[in-house]
Amino acid sequence: HNVVLEIQATIPSTPEQPSKKPMWKGVIVAYIVVALCYFPVALVGYWAFGNTVNDNILITLNNPKWLIALANMMVVIHVIGSYQIYAMPVFDMLETVLVKKMGFPPGLTLRLITRTIYVAFTMFIAITFPFFGGLLGFFGGFAFAPTTYFLPCIMWLTIYKPKRFSLSWFTNWICIILGVLLMVLSPIGGLRQIIMDAKTYKFYS
């Protein structure tokens with residue numbers, strides 16, 4: 001969500017062929033691919049392990065060794081690509097501040113040093129506080145729930161003003177209610193999980 005507008009900004013757009021058309025097709029394909037990747041893992045993981053599965057399902061697996069090694073390699077490939085995309089706005093912001101406000105000369109050296117320090121810092125934080133599931137639930141409730149579930153629905157209702165009690169009106173209001181509930185309950189559950197994990201956690205163990 002944090003790079004979708006930047007992606008659309010790179011697509012050529014004219015009044016005859018606006019960028020929203022290919023962007024809409026791309027978004028549909030992207031969500032289908034994401035659903036095909038995530039839902040089978042979630043459903044099969046729950047079927048196999050129930051609610052005893054770890055946040056990282058690869059920790060729960062014991063055999064076969066080749067599957068675990070292959071899955072970990074896929075995670076590495078995924079993170080190498082996705083981290084660059086998600087961090088790009090942060091890189092841009094950091095470099096803009098360093099050049100415009102602090103007078104650093106722009107160029108490859110600045111990019112290399114800035115991005116390396118940022119990646120090293122985030123890695124240090126991730127290693128120091130690896131409560132991934134709890135943190136994801138805690139911050140996800142504040143950040144992902146509004147932008148994913150109910151703010152787009154509020155914008156849709158405000159802009160298009162569908163007829164009251166129509167299918168579109170009901171669908172959007174259901175998403176708004178569920179999204180607000182998720183925004184409230186997810187941080188509570190995430191904080192509870194962090195507190196439970198912190199009782200037995202030893203730094204850098």
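**Close-up 1. Contacts of E95 in the predicted model.** E95 touches L110, R111, T114 and R115, leaving out residues up to four places away in sequence. The model shown here, as in every view below, is predicted. E95 sits in helix α4, which covers residues 65–100. Its relative accessibility is 10%, so E95 counts as buried. The cut-off for that label is under 20% relative accessible area.

**Close-up 2. T114 and its contacts.** T114 belongs to helix α5, residues 108–128. L94, E95 and L98 are in contact with T114, once neighbours within four places in sequence are set aside.

**Close-up 3. The W169 and W173 ring pair.** Seven aromatic pairs turn up in a search of the whole structure. In one, the ring centres of W169 and W173 are 6.1 Å apart and the planes stand at 55°, so this pair is tilted. Tilted pairs fall between the two angle limits, because planes under 30 degrees apart count as stacked and those over 60 as edge-to-face. Both residues are in helix α7, residues 167–200. They are four residues apart there, so about one helical turn separates W169 and W173. W169 is buried, at 17% relative accessibility. W173 is partly exposed, with a relative accessible area of 37%.

**Close-up 4. The aromatic cluster.** One aromatic cluster is formed by F165, W169, F170 and W173. Among its members, W169 and W173 make the tilted pair of the previous view. F165 lies in the loop between α6 and α7. At 55% relative accessibility, F165 counts as exposed. W169, by contrast, is buried at 17%.

**Close-up 5. Positive phi at K161 and F165.** Which backbone angle is positive at K161, although this residue is not a glycine? It is phi, at about 45°. F165 is not a glycine either, and its phi is positive too, at about 70°. K161 is placed in the loop between α6 (132–160) and α7. F165 is located in the loop between α6 and α7 as well. Is K161 buried or exposed? K161 is exposed, with 62% relative accessible area. F165 also counts as exposed, at 55% relative accessibility. Besides its positive phi, F165 has a place in the aromatic cluster with W169, F170 and W173.

Conventions. Residues are numbered from 1 along each chain as its sequence is written. This is a predicted model: local features need pLDDT of at least 70, side-chain atom pairs count only at pLDDT 80 or more; totals for chains, interfaces and linings use all residues. Side-chain values use heavy atoms; hydrogens and water are left out. Rings of Phe, Tyr and Trp (its six-membered ring) pair if their centres lie within 6.5 Å; planes under 30 degrees apart count as stacked, over 60 as edge-to-face and the rest as tilted. Helices (H or I, at least four residues) and strands (E, at least two) are DSSP runs, numbered from the N terminus. Buried means under 20% relative accessible area, exposed over 50%, partly exposed in between (1.4 Å probe, protein chains only). Contact means heavy atoms within 4.5 Å.
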